[in-house]
Amino acid sequence: MAAAIGSGAQGSGDHWSSRTAFVLASIGSAVGLGNLVRFPAEAGANGGAAFVLFYMFCVVLIGIPLLLSETLIGRHGQAAAPASYRKLAVESGASPRWEWVAGIGVFSSTLVLGFYCVLGGWVLYYIGIFAGDLAATGVSGTAFQGMSDDAVEGLFPALIGNGPLTVTLDVAFLLITLAFVARGVSGGIEKAAVWLMPAFFVLMLGITMYGATGGHFMDAANYLFKFEPEKLTGPVMLAAVGQAFFSLSLGMACMVTYGSYVGRDVNLARSSGIIAGSDTLVAMVAGLCIFPIVFAAGLAPEGGLGLMFQTLPHAFQDMPFGSLIGLLFFIMVAFAALTSSISLLEVPTAWLIDKFGLRRIAASIIIAFAGLVLGVLSALSTGMLAWFHPLDIVPLFADKGVMDVLDIFTSRLTMPITALLTCIFIGWVADRRLVDSESGLGSGAHQVWRFLVRWVCPVALLAILWVGLTS
């Protein structure tokens, strides 16, 4: 691929070395724990193929238009997210205050970073558990030999109730993330994407092929893709809309920031399609990777974190090569979590560099410290601080600990609001000629995209907001 051209964001000259690097980093930002846990469970419980087809429909009508909108703002601005919004607004004759839209996204990324690294720390714990078990039982043995089912399933409650351990793991995962971001775009973030994402895909394919040998691959395929249109109700369709939005890491200024490192020779429309398509493929393959293992052990395919941290370890207990497969699985999850946490840290780091002229290492350390404070509170909220409900007087956050408050506040409020305002900005405020010059779309496709950004995406995002605030 041709090298990226341009000065790079924040005037640093740092940028992606190629379109491939940009696409891999963006896929890494989008692919995370939600793809590996939430999508398979949602699909299986909500109509199988009917949900999947509607989800893909939502990715095309909502995900890709929003993804393209964010990346073109960043590429045009060649600066941190708020400055990129400001530049496009000023050049369009609009108020520079539109930069506050990106400011909400930067704030969201910082909040999500706080609790996301806690989840990453949990993944590190299971890597250690399976590595130790592999050393004790050998390659061909089942996992957790001699442990009862209850003891294996009890590993997770014991972990999240152990405050010092969860804080230590959170710090470890955050430091790994910081090590890549502090080295810059081409020297750190890009290298993580170029090495980790191919390794992630290889591990996912390998584990999926292993699961297919257990005789339950078709059971998993039927569970995920059996067409049951009667289950495609209004709430299920809204769940598909929300999954399409959240799985692409939209509304957090991640793609604006990554777009600011892209050269003019990169077709943003084509790249956005590749990113969204890859993210969707990972979500679907994740179900075929996980559920054959779950069904082979005769376990219920529950969703949420319990699937990853309780059901799957129990399933590996009954499998040949269980310790090895379990170790490889959690290494795969760690790669996905790390590439996502890197983008979360990069967004506010880029803003500090741009706003205050700080050196990258100083800016990344400051944001990492903020993430550490939020992470410690989040880690302890499942144990020692379970009694602490900081926003108990607000019905939406009643009886919620710090981690749940951060999750709900970002996923139900700030992220959809940022995306909604971005649609209004691109569809109704930004100069059409400037937008046209960045999109990479032909005239016909551009008309369709503009219609989606102006009308379809805002309606869908308002629905997400409404459901989030009233459910």
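Colleague: Quick one on H2 and H11: is the crossing left-handed or right-handed?

Modeller: H2 passes H11 in a left-handed crossing; that hand means the near helix is turned anticlockwise from the far one by less than a right angle, and clockwise would be right-handed. This is a predicted model, in which local features need pLDDT of at least 70, side-chain atom pairs count only at pLDDT 80 or more, and totals for chains, interfaces and linings use all residues. Residues are numbered from 1 along each chain as its sequence is written, and side-chain values use heavy atoms, with hydrogens and water left out.

Colleague: Thanks! At roughly what angle do the axes of H2 and H11 cross?

Modeller: Roughly 165 degrees, with the axes of H2 (residues 33–45) and H11 (residues 234–246) coming within 11 Å. H2 is therefore roughly antiparallel to H11. Angles under 35 degrees count as roughly parallel, over 145 as roughly antiparallel, 65 to 115 as roughly perpendicular and the rest as oblique. The axes are lines fitted to C-alpha atoms, for helices over the stretch in contact, and angles run from 0 to 180 degrees between N-to-C directions. Helices are DSSP runs (H or I, at least four residues), numbered from the N terminus.

Colleague: Which residues of H2 and H11 meet?

Modeller: Gly34, Arg38, Phe39 and Glu42 are the H2 side, and Ala239, Gly242, Gln243 and Phe246 are the H11 side (contact means heavy atoms within 4.5 Å). That contact has 3 nonpolar, 3 polar and 2 charged residues. Ala, Val, Leu, Ile, Met, Phe, Trp, Tyr, Cys and Pro count as nonpolar, Asp, Glu, Lys and Arg as charged, and the others, Gly among them, as polar.

Colleague: And H2 with H3, how do their axes cross?

Modeller: At roughly 125 degrees, with the axes of H2 and H3 (residues 49–77) coming within 7 Å. That angle makes H2 oblique to H3. Phe39, Glu42 and Ala43 in H2 touch Phe51, Val52 and Tyr55 in H3, a contact of 5 nonpolar, no polar and 1 charged residues.

Colleague: Changing topic: how much space lies in the largest pocket?

Modeller: About 1400 Å³. On a 1 Å grid over the protein atoms alone, a pocket is an open set of points with protein on both sides within 12 Å along at least five of seven lines, a cavity is a set where a 1.4 Å probe fits but cannot get out, and lining residues have an atom within 4 Å of a point. A volume is the space filled by probe spheres set on the points.

Colleague: Which residues lie nearest its centre?

Modeller: Gly34, Arg38, Phe246, Asp407 and Ser411, out of 49 lining residues. By class, the lining of the largest pocket holds 24 nonpolar, 19 polar and 6 charged residues.

Colleague: Which helix gives the most to that lining?

Modeller: H17, with 8 residues. Other helices supplying at least two residues each include H2, H11 and H19 (443–470).

Colleague: What lines the second largest pocket?

Modeller: That pocket has about 270 Å³ of space, lined by Pro82, Ala83, Glu99, Trp100, Gly103, Val106, Phe107, Trp351, Asp354 and Lys355. H5 contributes the largest share, 5 residues, and the lining splits into 6 nonpolar, 1 polar and 3 charged.

Colleague: How many cavities of 30 Å³ or more turn up in the whole structure?

Modeller: A search finds 1. The largest cavity has about 40 Å³ of space, with Ala25, Ile189, Ala192, Ala193, Tyr258, Thr339 and Ile342 around it. H9 (185–212) provides the largest share of that lining, 3 residues, and the classes are 6 nonpolar, 1 polar and no charged.

Colleague: Last one: back to H5, how does it cross H8?

Modeller: The axes of H5 and H8 (residues 163–181) come within 7 Å and cross at roughly 105 degrees. H5 is therefore roughly perpendicular to H8. Among the residues that meet are Gly120, Gly121 and Trp122 in H5, and Leu169, Asp170 and Phe173 in H8. The contact of H5 with H8 comprises 12 nonpolar, 5 polar and 1 charged residues.
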